[in-house]
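Hi,

Here is the structure I promised to pass on. Have a look at it first, and then read my notes below.

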Amino acid sequence: MYLINTEYKVETPEGVDLTAELAGPIPRILAFIIDISIRFGVIYVFYLIFQSLNWTVGPVFIAYFLLEWFYPTLFEVLYRGQTPGKRIVGLVVVNDDLTPVSWNSSIIRNFLRTVDFLPVLYVGGLITMILNPHYKRLGDLSAGTIVVYKNRTKDSEQLPKVKAIAPNLTLELEDQVAIVNFTQRHSEFSSDRAQEIANILEPIHGLQNKNAVNHLHGLGKWYLGGKD
Amino acid sequence: MKQQAFEQKYESLWFEIENILSRKGDQLDIFAASNKTAVKEFPSLYRQLCQHLAVAKSRNYTPQLIGHLNELVLQSHHLLYQNNRYSQHKVLIFIFRTFPQAVRANGKLVLVSSLLFYLPLFFFALSCYFNPELIYSISDVFTVMEYESMYDPSNKSLGRERDSSDDLTMFGYYIFNNIGIGFRTFALGLIGGVGTVFILLFNGLHIGSVAGYLTQIGFVDTFYGFVVGHAAFELTGIVFSGAAGLKIGLALVDPGNLSRIDAMKLASKEAIIIVYGAAVMLLIAAFIEAFWSSSTAIPNSIKYTFGGSMAVLLTAYFLFVGKTRGSQ
């Protein structure tokens with residue numbers, strides 16, 4: 001069983017763990033829709049211009065070819081891993097050691113898009129993405145790339161609306177920090193994930209799901225010095 | 001050390017790194033005078049930053065600080081470990097070494113790909129020559145009529161319908177269509193090679209049927225005069241794309257000692273070199289096809305000579321270019 005964890009860790013040669021947050025299917029589909037709209041928009045305008053000036057449409061074919069096969073790669077390599085769509089959604093493509101994506105990997109992942117498209121409308125790619133713990137589609141698997149969030153701006157720290165609860169056993173510093181973090185970051189978890197984490201501590205607090213989460217939030221508030 | 005004191009002590013260093021990171025472009029241009037000190041100092045600054053991150057984590061400082069440091073490390077890591085090495089001679093090295101070597105190293109796959117393409121081609125060319133009606137099992141009546149009109153000896157330019165388009169349009173179309181087919185032939189190899197095999201077989205049958213049929217009805221001079229110029233580049237380009245597709249397909253079916261994913265990664269890295277080369281060949285083919293092959297002004301004797309020499313040159317290129325004695 002996988003835990004619903006989107007944190008991706010890589011150890012650098014300097015001996016520290018880099019963490020990045022993996023992007024799932026929904027933001028990637030959004031980015032893709034934006035990109036494909038831009039692509040077709042550009043081609044359409046190009047075509048209208050050539051048509052109205054009565055020029056030969058040869059260059060339109062060439063532009064279409066280039067956009068179809070090289071639009072993502074050109075942006076990903078020359079524009080810090082971001083196509084315009086990914087930029088708007090806040091995603092970035094990187095190699096799976098979190099180094100910038102290279103020409104070869106980018107071309108491989110985007111050429112193999114053809115296979116991800118199968119059988120229709122990227123269903124294959126979507127299924128691989130969902131089955132894979134790192135949300136890789138087939139192109140990503142072959143190229144060794146991942147898609148992560150770039151500079152997620154944190155929501156302002158609003159603590160959950162629960163009463164502070166005085167703990168009835170002494171916790172180690174590390175555990176206190178963990179609970180404080182869990183409380184501070186409550187808005188970043190899906191409720192499933194929050195419950196999943198809180199349920200791990202069931203042997204200690206004896207609660208489940210919603211109640212367990214609220215209990216931990218209460219403890220966190222208490223450690224932070226909150227009283228109400 | 002309390003977090004605040006820690007922050008105060010090293011803030012200036014982090015600020016300096018942020019400064020370097022915010023410079024324009026992804027690469028620190030090592031030749032720009034203004035960047036000299038930054039280039040020199042950056043690795044050492046980065047190592048210190050890494051240590052700060054490790055310390056901050058081990059001392060359980062707040063997630064905000066750790067997040068900020070992690071972000072800085074991540075960006076610096078990008079800057080330091082980018083692997084886009086730019087070489088002035090990259091293109092030359094590719095043409096005179098990497099590409100022909102990659103083709104020879106995958107000779108068996110090229111052979112299999114050739115057989116999958118040429119066997120149905122010749123088989124169907126002969127079949128359609130002796131029994132022209134067989135072409136209707138591949139193409140419908142209207143498509144066959146199109147082919148007839150494309151190579152009608154009364155045409156001003158060959159290979160297109162009744163002089164409907166100009167050379168540049170056809171050039172664009174050939175790039176879009178032919179190189180697209182090449183790329184797809186490669187990509188569809190990922191489903192265990194099945195897609196590649198299908199495209200190779202189908203294109204072989206298709207081209208063979210047209211050749212056999214047109215020979216039978218006597219459009220010999222126009223048809224062969226048209227195709228001979230670009231045939232070597234185009235057919236070989238498709239066969240190479242096929243070999244690249246078979247390579248990734250094979251990695252998936254028979255990964256050897258590697259895991260399937262690792263085998264796939266390794267195979268696509270090598271295969272993509274052949275794909276680049278095949279794309280260049282198909283581009284050359286598109287150029288010849290649009291501007292040379294279609295001309296009716298050039299006598300066929302010159303076209304045959306040109307086509308023949310291209311085939312000989314290509315064969316020599318793939319047999320001999322980039323061979324080295326001993327180790328490199």
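Let's begin with chain B, which reads α-α-α-α-α-α-α-α-α-α-α along its sequence. In total, chain B has 11 helices and 0 strands; helices (H or I, at least four residues) and strands (E, at least two) are DSSP runs, numbered from the N terminus.

Before going further, some housekeeping. This is a predicted model, where local features need pLDDT of at least 70 and side-chain atom pairs count only at pLDDT 80 or more, while totals for chains, interfaces and linings use all residues. Residues are numbered from 1 along each chain as its sequence is written, and chains are lettered from A and ligands numbered from 1 in the order in which they are written.

Back to chain B. Its domain assignment (bounds like these come from an automatic or database assignment) gives domain 1 at 3–80 and domain 2 at 90–320. Taken over C-alpha atoms, the centres of these two domains of chain B are 52 Å apart. Of the 328 residues in chain B, 37% are buried. Buried means that 20 or more other C-beta atoms lie within 10 Å of a residue's own; exposed means 12 or fewer, partly exposed is in between, and the C-beta atoms are placed from the backbone.

Now, where do the chains meet? Here 41 residues of chain B are in contact (C-beta atoms, placed from the backbone, within 7 Å) with 41 residues of chain A. On the chain B side, helices H2 (36–58), H3 (63–80), H7 (167–187) and H10 (260–293) each supply at least two residues. The largest share, 13 residues, comes from H7(B). Sorted by class, that side of chain B has 23 nonpolar, 11 polar and 7 charged residues. Nonpolar covers Ala, Val, Leu, Ile, Met, Phe, Trp, Tyr, Cys and Pro, charged covers Asp, Glu, Lys and Arg, and the others, Gly among them, are polar.

On to chain A and its helix H1 (residues 25–52). H1(A) has 28 residues and reaches 40 Å from its first C-alpha to its last, close to the 40 Å expected at 1.5 Å a residue (the expected span is 1.5 Å times one less than the number of residues). A:Arg28, A:Ala31 and A:Asp35 of H1(A) are buried. The cover over the buried residues of H1(A) includes helix H3 (84–89), strand S3 (91–95) and strand S4 (145–149) of chain A.

A:Gln208 counts as exposed because it has 12 C-beta neighbours inside 10 Å.

Cheers

Methods:
Contact = placed C-beta atoms within 7 Å.
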